[in-house]
Amino acid sequence: MNQKAKQFLAAGIGMAALIGLDQWTKYLAVEKLMGKEACVIWPGVFELRYLENRGAAFGMLQGKQGFFFLIGIIVLAAAVYFFYRLPYRKRYLPLAFCVGGIAAGAIGNMIDRLSQGYVVDFLYFCLIDFPIFNVADCYVTVGAFALAVLVMFYYQDEDFSVFSFKKGGDRE
């Protein structure tokens, strides 16, 4: 098996594990929380509370399922392009984790939207009255934040030449 195939396989297995965890937690939320009072984990700070979100983050764009499907497809296409162009080197591993997490989060929520017409949310920080969210949202948020930090402080401009459309880019 060549290095690129190994890279795609590793990314696929990692993303499948993340998606599986997300879907399992949403299943548990449906089974244990739907139609019930919130489960208080830390009084005044954190609760598990069932919500069917038909919008995006923070409940925005309610009922725009086609738009979310399009965004999900764009994220997945970008992730495939990213992994195709990514050199098989240790230096790029943090980027791969970030992109894999973002893609896994997008897929996890897309599965909900396609199968149910809404996303199951259940994590609620009541201390700051933060909108209810789910594990896939965590993947996207942490992945995007870590990606931004890496791009700003760790990688140099030349590290990204492998993603250019110019001939001669480093594509090991």
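## Accessibility of the aromatic residues

A residue is called buried when its relative accessible area is under 20%, exposed when that area is over 50%, and partly exposed in between. The structure discussed here is a predicted model. Phe125 has a relative accessibility of 35%, so this residue counts as partly exposed. Phe133, by contrast, has a relative accessibility of 14% and therefore counts as buried.

Trp42 belongs to strand S1, which covers residues 39–42. With a relative accessible area of 56%, Trp42 is exposed.

## Aromatic pairs

A pair of aromatic rings is described by the distance between the centres and the angle between the planes. Rings are paired here if their centres lie within 6.5 Å, and a pair counts as stacked if the planes are under 30 degrees apart. By this rule the model contains seven aromatic pairs. One of them is formed by Tyr92 and Tyr155, a stacked pair with 6.1 Å from centre to centre and 5° between the planes. Tyr92 is located in the loop between helix H2 (65–85) and helix H3 (93–116), while Tyr155 is in the segment after helix H4 (135–153), so this pair ties together parts that are 63 residues apart in sequence. Tyr92 and Tyr155 are both buried.

Phe125 and Phe133 also form a stacked pair, because their ring centres are 6.1 Å apart and their planes meet at 15°. These two residues belong to a cluster, linked by ring pairs, that also includes Phe46 and Phe130.

## A charge over a ring

Arg91 places its charged end over the ring of Tyr154, at 4.7 Å from the ring centre.

## The nonpolar core

The largest nonpolar core comprises 31 residues. Within this core, the residues with the most contacts are Met15, Phe82, Phe83, Leu86, Tyr92, Val120 and Phe122. At least two core residues come from each of helix H1 (3–33), strand S2 (46–53), H2, H3, strand S3 (119–125) and H4. The most is given by H3, which contributes seven residues.

Leaving aside residues up to four places away in sequence, Phe122 touches Thr25, Lys26, Ala29, Leu33, Glu47, Leu48, Arg49, Ile132, Phe133, Asn134 and Val135. Tyr92, a member of the stacked pair with Tyr155, is likewise among the core residues with the most contacts.

Key
Residues numbered from 1 in each chain as written. Predicted model: local features only at pLDDT ≥ 70, side-chain atom pairs only at ≥ 80, totals over all residues. Heavy atoms only, no water. Phe/Tyr/Trp six-rings, centres within 6.5 Å; stacked < 30°, edge-to-face > 60°. Helix = DSSP H or I, 4+ residues; strand = E, 2+ residues; numbered from the N terminus. Buried < 20%, exposed > 50% of the residue type's maximum accessible area, 1.4 Å probe, protein only. Lys NZ or Arg CZ within 6 Å of the ring centre and 35° of its normal. Core = buried A, V, L, I, M, F, W, Y, C linked by side-chain atoms within 4.5 Å. Contact = heavy atoms within 4.5 Å.
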